[in-house]
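Me: I want to go through this model term by term. For each label, give me the value, the cut-off and the conclusion.

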Amino acid sequence: MKTLCIEGWRGVNHSIAMVNQNQILEMVKDPRFELFHKDAPFFMPHWDKGKLDSGFAPEERAIIDALPDPGDRVMDLRLRIASPVRLGDPAAARRNATFVVTEFGLSGKSFDPPEMAPSALTQGDDFIVTPTRWSKARLVDYGFDADKVQVVPHGYKTDTFFPMTPEQRQAARAALGLQPHETVFANVGVATWNKGIDLLLLAFAELRLQGLPVRLILKDHQGLYGIGVERLFGELAARAPQLNSPQVRDGISILSTSLNLPQLRSLYALSDAYVSPYRAEGFNLPVLEAMGCGTHVIVSGGGATDDFTPPELCHRLHTRPGTDADAPQPVGAFVVPDLDDLREAMLQVVEQRLTPAPRREAARQRLAQRFSWGTVTKQLLDLMS
C-alpha cells in the first residue's frame, strides 16, 4: 500500500475544494493507498467553514475530516490541489502530482512564488493534472511540457444529482412560486466577466419584454468573493436601461446564501434549462451537475465544456475567438458567445423544441457512467499508482 498525502482545501464550497473533497470520498475506497491530508492556506483569509458550507452530509464530512496529517513522515505520493500553486517541502514525497486549472491562462499570480518555473513542478516522474483540453492548452501556452500535463475530468455526485419525479419537480417549483406554464432558466456562479452573466441577463430581458412567461434564478457566490449579481446588474443597466424595467426585474430571483447539495440539486432539476454563456472556464462543474439532473444546458461552444456536453443534453452556442478589443482588460484566451444564438437557444426551451425525452435519458445515463466521481478519481489514482 502506497502512502498518499493531499495538500488541499476542505470544508468550504470553492470549486477546487469541492473537487478535492469529492475525490477524497472516492480515494478512501481504494485499497492501494493510505491517505493523509495537509490543509493548504485558503485563497482568501476571510473564508470560514462555518459560513461557506461545502454542503456534504455529516457522515461524508466526517470521512473527509478524518484524514490525518502525516507530520514529518515522507510520503510515496503527494497531490497538491490548491491555489496559488505552492511547491511545499520537496522532500515530503517521492513523487508529486499537481492540480493546475485556468480559465484565461496562467500568470505569476497562479504560483507562490510568482517566478516559479513550470519545470519545477514536473521534475522526474512528477506531473500536472488539469480537467479539460482547454485548460491544458493554456498550460502549454504558459510553458508546461504537453507530455507532462494529464487531462483528468471532474465528476459529479451521481447519488445526489439525478432527475426529480414529475411530482417532486412540480412541488419544488410551487414552493418557489413558479407557475406550471413558466419557463425557468438558472445559473450558478460568481458574477465575474468570464461567466457571461451579462449576456444571460440581456438575452433574458429580451424574452421577458416580448411578454414570454420566463423566469431566471441566479445563485451567486457573494460569500466566497464578495461579488454579487446586484453589482453587475447595476453596471449593466447603465448601458442597457431595459434591465431596470419592472417587467424584467420581477422575473429575476437572486440567491446569495450557501446551498447544500440537495438544495442545489433541486435548483437544477426544477429548471427548464441551465444557461452558461461563459467566455472562459477551466471546467464548469455546475453544467455537469445540471445535466446529471436531466436538465437541458446552454453553453458556449469551443471552450472547456466541449469535453463533456453530449448533443442530446445541450445547445452549444456559436462563438468566435476573443480579441483584446472584446475584453475589459488583457486577460488571455477566451471566446465570445453569439448573443443572438443565446436568445434563440433560450427561445427553443420556451417552445420545447428539445431532444425527445428517451434520447435525453439515455444520454444522461451514459454521462453518469463516464463522469461519476468514482470513475474519474480512479483515472487519477491509476496515474499515481
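Me: Which helix is Q348 found in?

Reply: Q348 sits in helix 11, residues 339-350. Helices (H or I, at least four residues) and strands (E, at least two) are DSSP runs, numbered from the N terminus. The model is predicted, so local features need pLDDT of at least 70 and side-chain atom pairs pLDDT 80 or more, while totals for chains, interfaces and linings use all residues. Residues are numbered from 1 along each chain as its sequence is written, and side-chain values use heavy atoms, with hydrogens and water left out.

Me: Why does Q348 count as buried?

Reply: Buried means under 20% relative accessible area, exposed over 50%, partly exposed in between (1.4 Å probe, protein chains only). Q348 has 17% relative accessibility, so Q348 counts as buried.

Me: What does Q348 touch, not counting residues up to four places away in sequence?

Reply: H315, R353 and L354. Contact means heavy atoms within 4.5 Å.

Me: What makes a set of residues a nonpolar core?

Reply: The members are buried Ala, Val, Leu, Ile, Met, Phe, Trp, Tyr and Cys residues, joined through side-chain atoms within 4.5 Å. The largest such core here has 66 residues, and L4 and L288 have the most contacts inside it. Helix 1 (residues 15-27) gives the largest share, 7 residues. A second, separate core has 31 residues, among them L202, L216, L218 and V275.

Me: Which residues is L288 in contact with, leaving aside its neighbours within four places in sequence?

Reply: H154, G155, Y156, F283, F308, L367 and F371.

Me: Why do strand 2 and strand 8 count as edges?

Reply: Their sheet is open, with 6 strands in the order 2-1-3-5-7-8 and parallel pairing. Strand 2 (33-39) and strand 8 (149-151) each have a single partner strand, so one side of each lacks a neighbour in the sheet. The twist averages 25° from one strand to the next.

Me: How do you know that strand 1 and strand 3 pair?

Reply: Two strands pair if DSSP finds at least two bridges between them. Strand 1 (residues 2-8) and strand 3 (residues 75-81) have 5 bridges, in the parallel sense, which means that they pair. In this pairing G8 stands opposite I81. Strand 1 is also joined to strand 2 by 7 parallel bridges, with L4 opposite L35. Strand 3 runs parallel to strand 5 as well, over 5 bridges, and L77 stands opposite R95 there.

Me: Why is strand 1 called largely enclosed?

Reply: 6 of its 7 residues are buried, so strand 1 is largely enclosed by the rest of the structure. Strand 3 is mostly covered, with 6 of its 7 residues buried.

Me: Which strands does helix 1 lie across?

Reply: Strand 1, strand 2, strand 3 and strand 5 (93-99), running at about 145° to strand 3. Helix 13 (residues 373-384) also packs on the sheet, at about 135° to strand 3. Axes are lines fitted to C-alpha atoms, for helices over the stretch in contact, and angles run from 0 to 180 degrees between N-to-C directions.

Me: Why are helix 1 and helix 13 called roughly perpendicular?

Reply: Angles under 35 degrees count as roughly parallel, over 145 as roughly antiparallel, 65 to 115 as roughly perpendicular and the rest as oblique. The two axes come within 9 Å and cross at roughly 85°. Helix 1 and helix 13 are therefore roughly perpendicular. V19, N22, Q23, E26 and M27 of helix 1 meet W373, G374, T377, L380 and L381 of helix 13.

Me: What makes helix 1 and helix 2 roughly perpendicular?

Reply: Helix 2 (residues 58-65) packs on helix 1 at about 85°, with the axes 9 Å apart. The pair is therefore roughly perpendicular. Q21, I24 and L25 in helix 1 meet E60, I63 and I64 in helix 2.

Me: Why do strand 11 and strand 14 stand at the edges?

Reply: Another open sheet has 6 strands in the order 11-10-9-12-13-14, with parallel pairing. Strand 11 (252-255) and strand 14 (314-317) each have a single partner strand, so one side of each is left without a neighbour in the sheet. Neighbouring strands are turned by 20° against each other on average, direction ignored.

Me: How many bridges pair strand 13 and strand 14?

Reply: 4 bridges, in the parallel sense, with strand 13 at residues 296-300. V297 stands opposite C314 in strand 14.
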